Amino acid sequence: MILINLLPHREAARARRRETFQVMLAMSVLLGAVLIGIGYLWYEAQISGQQERNVILTQAVAVLDGQIKEIANIESEIKALTERQKAVEDLQADRNLPVHLLNELVKQLPDGTYITSLKQENQSVSIQGVAQSNERVSEMLRNLANNTPWLSKPDLVEIVASTVSLSPRDQRRVAKFNLRVRLMRSSEVQKTVESAASAAAVSP
């Protein structure tokens, strides 16, 4: 017996394929939405975590900034205290500078040279005096420049020829001079002496 299907099978197959396609399309859209939602939530979690880390880092930086300011204040206080301590030490060490000045002038003045005025302002010393000749003044300048660590940079301001009356009949020609010299601090003298000792130890 022969069976003949008179139903529109092509339209039914086409309808089934259309339904299958629509179901697959709906599932694809749903799957894509789920994936997008998961990705969005993951990125939101990452951003939130990074923001929390940023807050922690900002707080840590603020703490460090405060500590740095405290350290800077402490360093400035230490520097000020060190400067005050050095000033006090310099004052204590420089108490004997006038003694060293007079002692060195006595040693370095050549014969025939006399001091008539002596004035000190800080480290600068002005000396006025009389010498028997210009050569005596030159010798005194060399002595002050080379023979003492307590005096340096002698500078001849003025030298004038003059006469001195030893008696009504005895007048002698002299050279009146005016010079400046720098009086070294005790700390500077100590450094100079130590440098000279080191140089002497190194040289054969």
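Modeller: Before we start, buried means under 20% relative accessible area, exposed over 50%, and partly exposed in between, with a 1.4 Å probe and protein chains only. This is a predicted model, so local features need pLDDT of at least 70 and side-chain atom pairs pLDDT 80 or more, while totals for chains, interfaces and linings use all residues. Residues are numbered from 1 along each chain as its sequence is written, and side-chain values use heavy atoms, with hydrogens and water left out.

Biologist: Okay, what pattern does the chain follow, read along the sequence?

Modeller: Helices (H or I, at least four residues) and strands (E, at least two) are DSSP runs numbered from the N terminus. The chain has 4 helices and 4 strands. Along the sequence they come as α-α-β-β-α-β-β-α.

Biologist: And what is the order of the strands in the open sheet?

Modeller: Two strands pair if DSSP finds at least two bridges between them. Strand E1 (113-121) and strand E3 (151-165) each pair on one side only, which makes them the edges. The pairing is antiparallel, and the order of this open sheet is E1-E2-E4-E3.

Biologist: How many bridges join E3 to E4?

Modeller: These two strands run antiparallel. As one example of who faces whom, Ser162 stands opposite Val174 in E4. The number of bridges joining E3 to E4 is 12.

Biologist: Which residues of H3 are buried?

Modeller: An α-helix has 3.6 residues a turn, so residues three or four places apart point the same way. On the other side of H3, Glu135 and Asn146 are exposed. The buried ones are Val137, Met140, Leu141, Asn143 and Leu144.

Biologist: At about how many degrees to E3 does H3 run?

Modeller: Contact means heavy atoms within 4.5 Å, and what covers the buried residues of H3 includes H2, E1, E2, E3 and E4. Axes are lines fitted to C-alpha atoms, for helices over the stretch in contact, and angles run from 0 to 180 degrees between N-to-C directions. H3 lies across E1, E2, E3 and E4, and its angle to E3 is about 160 degrees.

Biologist: How far apart are the end C-alpha atoms of H2?

Modeller: The expected span of a helix is 1.5 Å times one less than its number of residues. H2 has 12 residues, so it should span 16 Å. That agrees with the model, where its end C-alpha atoms are apart by 16 Å.

Biologist: Is Ser152 buried or exposed, and at what relative accessibility?

Modeller: Ser152 is in strand E3. Leaving aside neighbours within four places in sequence, it is in contact with Leu144, Val181, Arg182 and Met184. Ser152 counts as buried because its relative accessibility is 16%.
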